[in-house]
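Let's walk through a protein model together, one question at a time.

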Amino acid sequence: MTRSHPLAILILNMLGIALFLSWYLPENHGIWFHIDSAIFHYFNEKLLPNSKFAVFVAIVNMRAFDVISLLCMGLLYYSAFRKQDHAGKRHLFIIGLVMLITAVIINQIGHQIPVSRPSPTLTFENINRVSEITNWHTKDSSSDSFPGDHGLMLLIFSSFILRYISRGAFFIALLIVIAFALPRIMAGAHWFTDIAVGSLSLTLIGMSWVLLTPLSDIMAAWLGKKLPHIGRPH
């Protein structure tokens, strides 16, 4: 069972709090707003009628495309799962359940943050909406985009990969984060800081308490006692 790492927890919590406050406290979010605005307009100016980029952004922001992100995460997890013996497979299966429970709880905590922020497509005027350009049903707006739910789930997944799989798999998980969080930013459904501040600060704080203490192992042990054994070791 994992020992607690109080110094690492303190550092990660301070980083998470400092990151959030650097965005939350300044009027109009300070320099973060200028970064957000520059990134949004960079992509938005490229969303032109009949452009291949607009079609691409529309496709990668469809709800069905989210299935591909789940598939990529599943394949990465399965690549480690398949190498385990019976006991190891059962352990990783249970860790997967712990990860899902953790993600749901932290996501609900994130929704309690006293911030209501519409996406950039609902903030700026005279902008390009990919759904209007392509006439496709695709996600390009959100009435409350902070923190980024999608980015948060991806970052929590990456944290569990680092803790229970390997550093190599963690770097692949980070590539998955970038690949599947970026489309929301390109479409203007999320600000850059919805993920770089909102999702990341929640992950730094929440995951430090879950993964750098015995908490995740305690949860896994409890589930291990409750879940029936399926199959037998070879």
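Q: Where does Ser-51 lie?
A: Keep in mind that this is a predicted model. Look at helix 2 (30-44) and helix 3 (52-60).

Q: Is Ser-51 buried or exposed?
A: The cut-off for buried is under 20% relative accessible area. Ser-51 comes in at 17% relative accessibility, so Ser-51 counts as buried.

Q: Which residue's backbone oxygen lies 2.7 Å from a polar atom of the Ser-51 side chain?
A: A pair of N or O atoms has to be within 3.5 Å to count as a polar contact. Here the distance to the side chain of Ser-51 is 2.7 Å, and the backbone oxygen belongs to Leu-48.

Q: Which helix gives the most to the lining of the largest pocket?
A: This pocket has a volume of about 470 Å³, and among its 20 lining residues, Leu-70, Met-73, Met-99, Leu-100 and Phe-157 are the closest to its centre. Helix 4 (63-81), helix 5 (86-110) and helix 7 (149-164) each supply at least two lining residues. With eight residues, the top contributor is helix 5.

Q: How many charged residues are in the lining of the second largest pocket?
A: The second largest pocket, with a volume of about 390 Å³, is lined by 16 residues. By class, eleven of them are nonpolar and four are polar, and the number of charged residues is one.

How values were computed: Residues numbered from 1 in each chain as written. Predicted model: local features only at pLDDT ≥ 70, side-chain atom pairs only at ≥ 80, totals over all residues. Heavy atoms only, no water. Helix = DSSP H or I, 4+ residues; strand = E, 2+ residues; numbered from the N terminus. Buried < 20%, exposed > 50% of the residue type's maximum accessible area, 1.4 Å probe, protein only. Polar contact = N/O pair within 3.5 Å; in protein donor to acceptor, adjacent residues only side chain to side chain. 1 Å grid on protein atoms, 1.4 Å probe; cavity = no way out; pocket = protein on both sides within 12 Å on 5 of 7 lines; lining within 4 Å. Points joined across faces, edges and corners; volume = space filled by probe spheres on them. Nonpolar A, V, L, I, M, F, W, Y, C, P; charged D, E, K, R; others polar.
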